[in-house]
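Open the model in your viewer and keep the selection tool at hand. We will go from the whole chain to single side chains.

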Amino acid sequence: MPARHDDAILRICFVCTGNICRSPMAEVIFRDMVDEAGLADAVYITSAGTGEWHVGEKADPRTRAALDRVGYSAENHRAKQFEVSWFETFDLIVTFDRGQRRILRAWARDDDERALIRPLLSFSPADPGSPSGEVPDPYYGSDELFDRVRDMIEVACRGLLAQIEPVVRAAQQGRRASAVRHDPPSQEPS
């Protein structure tokens, strides 16, 4: 069962420009990885855009097709815009290029909020295949570019999972241990 934001151990928001290409890909791919790792009840994952142009729309058809080609589905995605109040909700805000980082840093109210913003490719364990170190926007590109972007996102999401998994598992164990210590003793019949 996917985590709700208020009871999750870790809350992550992927943010691109319009929330119809890159960030929905990352949300879908990372959610699948987290689920396979058995951490779905501990990690809350969503996505948003810096702009409001596509709010309420499905993911771009080319995004959905690129995901479908490798077994993911973004059919339930609906675009939304990042809200400044979300800095208080999320533990990590992941971006795809300098434009999103610049906008989010401008929206952040202090250094603590700016520290939440990280580029996706900073989690990539290998050469991300992008000379700029950024995930290119496939919106004006071909199906091949959508596939290349999906593959870059998948590699970086694996790196992100490798970094968060030990922390989330340790927090889960701490929660379980705390719950056991706080359970009232069972009453035995006399």
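**The whole protein.** Bear in mind that this is a predicted model. Show it as a cartoon. Start at the N terminus and trace the order β-α-β-α-β-α-α-β-α. The protein has 190 residues, and 47% of them are buried. Now consider contacts between residues at least 6 apart in sequence: 76% of these join residues at least 24 apart.

**The aromatic rings.** Select Tyr44, Phe82, Trp86, Phe87, Phe90 and Trp107. Ring pairs link these residues into a cluster. In total, the structure holds seven aromatic pairs. One of them joins Phe82 and Trp86, with 5.3 Å from centre to centre and 75° between the planes. This pair is edge-to-face.

Are Phe82 and Trp86 buried or exposed? Phe82 has 3% relative accessibility, so it counts as buried. Trp86 is at 15%, so it counts as buried too. The cut-off for buried is under 20%.

**A charge over a ring.** Next, select Arg62 and Tyr139. Arg62 lies over the face of Tyr139, at 5.3 Å from the ring centre.

**The largest pocket.** Finally, select Glu27, Val28, Arg31 and Asp32, then Gly71, Tyr72, Ser73, Ala74, Glu75, Asn76 and His77. These residues line the largest pocket. About 180 Å³ of space lies inside. Colour the lining by class: three residues are nonpolar, four are polar and four are charged.

Notes:
Residues are numbered from 1 along each chain as its sequence is written. This is a predicted model: local features need pLDDT of at least 70, side-chain atom pairs count only at pLDDT 80 or more; totals for chains, interfaces and linings use all residues. Side-chain values use heavy atoms; hydrogens and water are left out. On a 1 Å grid over the protein atoms alone, a cavity is a set of points where a 1.4 Å probe fits but cannot get out, and a pocket is an open set with protein on both sides within 12 Å along at least five of seven lines; lining residues have an atom within 4 Å of a point. Grid points are joined across faces, edges and corners, and a volume is the space filled by probe spheres set on the points. Ala, Val, Leu, Ile, Met, Phe, Trp, Tyr, Cys and Pro count as nonpolar, Asp, Glu, Lys and Arg as charged, and the others, Gly among them, as polar. Rings of Phe, Tyr and Trp (its six-membered ring) pair if their centres lie within 6.5 Å; planes under 30 degrees apart count as stacked, over 60 as edge-to-face and the rest as tilted. Buried means under 20% relative accessible area, exposed over 50%, partly exposed in between (1.4 Å probe, protein chains only). A charge sits over a ring if NZ of Lys or CZ of Arg is within 6 Å of the ring centre and within 35 degrees of the ring normal. Helices (H or I, at least four residues) and strands (E, at least two) are DSSP runs, numbered from the N terminus. Contact means heavy atoms within 4.5 Å.
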